Amino acid sequence: MNTSLIACLPIVVGSLLAQPAHAESAPATPLKSGKQVYNEVCSSCHKTGVAHAPRFGNKADWAPLIAEGQDILTAHAWVGVRAMPAKGGKPDLKLAEFARAVAYMASQAGGNWKDPDAGMMHKIRKEAEKRLEKSIKEAEAMKKELHRLNEEDD
């Protein structure tokens, strides 16, 4: 048996015992600001109005959307609406960052929107779930119709 390994054993065991039972996880990556997300993701469409996207800073484009309310507009955009893909087309975009970007764009077009707090994020998640449930029901109805049409063809 290697005596140098045995000699190190008390040091290794002592250092393990000195560790907390639950080592702290690495700090979470800080959320990007709404402006950062706008510049990195949203500006590709919202800067020029691609596919009828409301143009950044254009009060006329944004007024009816702002009137929907922060929770509804953010939730519907998050799951995808009209020509806008879900999550702004960036699958790894966090909901909180997305919500900050929507608040930033709306505030630059006359809305009095702030970065969402915990209460607003809860409302956004609830509305997004509601919107997804509606989409799922519509897709299921369409699937049933296709099955019926296939049966007619047979």
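Is Asp-115 buried, partly exposed or exposed, and what is its relative accessible area? In this predicted model, Asp-115 is partly exposed, with a relative accessible area of 44%. Asp-115 takes part in a salt bridge with Arg-100, and a search of the whole structure finds 6 salt bridges. Three of these pairs are described below.

**Asp-115 and Arg-100**
- The side chains of these two residues form a salt bridge with an N to O distance of 3.7 Å.
- Arg-100 is partly exposed, with a relative accessibility of 22%.

**Lys-130 and Glu-127**
- A salt bridge joins the side chains of Lys-130 and Glu-127, at 3.4 Å from N to O.
- Both residues lie in helix α6, and because they are 3 residues apart, about one helical turn separates them.
- Lys-130 is exposed, its relative accessible area being 56%.
- Glu-127 has a relative accessibility of 14% and counts as buried, because this value is under the 20% cut-off.

**Glu-152 and Arg-148**
- The side chains of Glu-152 and Arg-148 meet in a salt bridge of 2.7 Å, taken from N to O.
- Helix α6 contains both partners, which are 4 residues apart, or about one turn of the helix.
- Glu-152 has a relative accessibility of 51% and counts as exposed, because this value is over the 50% cut-off.
- Arg-148, at 41% relative accessibility, is classed as partly exposed.

How values were computed: Residues are numbered from 1 along each chain as its sequence is written. This is a predicted model: local features need pLDDT of at least 70, side-chain atom pairs count only at pLDDT 80 or more; totals for chains, interfaces and linings use all residues. Side-chain values use heavy atoms; hydrogens and water are left out. A salt bridge is a side-chain nitrogen of Lys or Arg within 4 Å of a carboxyl oxygen of Asp or Glu. Buried means under 20% relative accessible area, exposed over 50%, partly exposed in between (1.4 Å probe, protein chains only). Helices (H or I, at least four residues) and strands (E, at least two) are DSSP runs, numbered from the N terminus.
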